[in-house]
Amino acid sequence: MKTMSLYQERDTLVHKISPISKIMYIIAVILLLILVPLRKVMLASVLLSFLIIISGRVLRKVFPIIGFSSIVLISVVIIQGLFNLGNKTALFSIGSIVFYKEGLLYAFDICLRVLNILSSFAILVLTTKPSELIESLVRKGLSPRIGYVLNSVLQIIPQMSATMNTITEAQRSRGMETEGSLKTRIKAFFPLIGPVVMSSLINTRERAMALEVRGFNSSVKKTFLNEEKEESYDKVIQLILILIVIVALIWRILS
């Protein structure tokens, strides 16, 4: 079965950075947004994230992720521009509808926070294999059971999508119409549900049996198939991120 995830295979330095360093980057960005809620800091942070994304050669894959949230962001801009309680200065108007400067700036800050979080998470999911991510977390003390659940969650939707495509192609080869009008698509959709759900349940049972046979529930200390990879630059990155958070915390206390 074809493995599907948001991960993009590239040979870049960003892909070689350990998943733990990328998780620490996400935490550092979120803490920075909380501790130093300045617009120029948020702009610098989102710019840095996009520079990392560009150096990882996954910029095109980020646009659908941002586009998915664009409807919410546009709604925030409209609502805050029109109805924010602090609105005083009219910026422009469309007919009788007046947009205010204070509300639009407030909405701009919200959009920057969302972009910061989305872009930092995009670095992790687009440049890290899910299996390596879970393995790194287990090495750091995460329970293997929870790691298995997280790995299953990351894989179940792509696997169900792949199964649905396979069944759709099989039914199409038997002469069943699966494309065309909305009525035709709905009519073709319901016969897919049963095989997809049954196939997922069977896969889950087979996977559980395979894990049980391999001693997944054994209390013996487990080993890993792959050797742990942590380059020297990972430690430097993690140290820099910790220092940034400490400096932001000190600034917050003193300001």
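1. Between which domains does the largest pocket lie, and why? The lining of that pocket takes residues from both domain 1 (13-128 + 229-254) and domain 2 (135-214), so the pocket lies between the two. Keep in mind that this is a predicted model, where local features need pLDDT of at least 70 and side-chain atom pairs count only at pLDDT 80 or more, while totals for chains, interfaces and linings use all residues. Residues are numbered from 1 along each chain as its sequence is written, and side-chain values use heavy atoms, with hydrogens and water left out.

2. On the domains themselves: their bounds come from an automatic or database domain assignment. The C-alpha centres of domain 1 and domain 2 are 33 Å apart.

3. Out of 47 lining residues, S131, E132, E135, F224 and N226 sit closest to the centre. A word on terms: on a 1 Å grid over the protein atoms alone, a pocket is an open set of points where a 1.4 Å probe fits, with protein on both sides within 12 Å along at least five of seven lines, and lining residues have an atom within 4 Å of a point. Grid points are joined across faces, edges and corners, and the volume is the space filled by probe spheres set on the points.

4. Who builds that lining? Helix α6 (130-139) gives the largest share, seven residues. Helices that supply at least two residues each include α2 (19-35), α7 (144-173), α8 (182-213) and α9 (232-254). Helices here are DSSP runs (H or I, at least four residues), numbered from the N terminus. By class, you get 19 charged, 14 polar and 14 nonpolar residues in the lining. Asp, Glu, Lys and Arg count as charged, Ala, Val, Leu, Ile, Met, Phe, Trp, Tyr, Cys and Pro as nonpolar, and the others, Gly among them, as polar.

5. Next, the second largest pocket, at about 390 Å³. It has 17 lining residues, and the closest to its centre are Y25, L48, I52, I237 and L241. Helix α2 gives the largest share of this lining, six residues, and α2, α3 (39-55) and α9 each give at least two.

6. Leaving out residues up to four places away in sequence, I53 touches V58, L59, V62, S119, A122 and I123 (contact means heavy atoms within 4.5 Å).

7. Is Q80 buried or exposed? This residue of helix α4 counts as buried, because its relative accessibility is 18%. The cut-offs are under 20% relative accessible area for buried, over 50% for exposed, and partly exposed in between (1.4 Å probe, protein chains only). Beyond four places in sequence, Q80 touches N87, G103, Y106 and A107.

8. Compare I240, found in helix α9: with 44% relative accessible area, I240 is partly exposed. I240 and T223 are 17 residues apart in sequence, and their C-alpha atoms are 31 Å apart in space.

9. One last thing to look at: R57, in the loop between α3 and α4, has a positive phi of about 55° although R57 is not a glycine.
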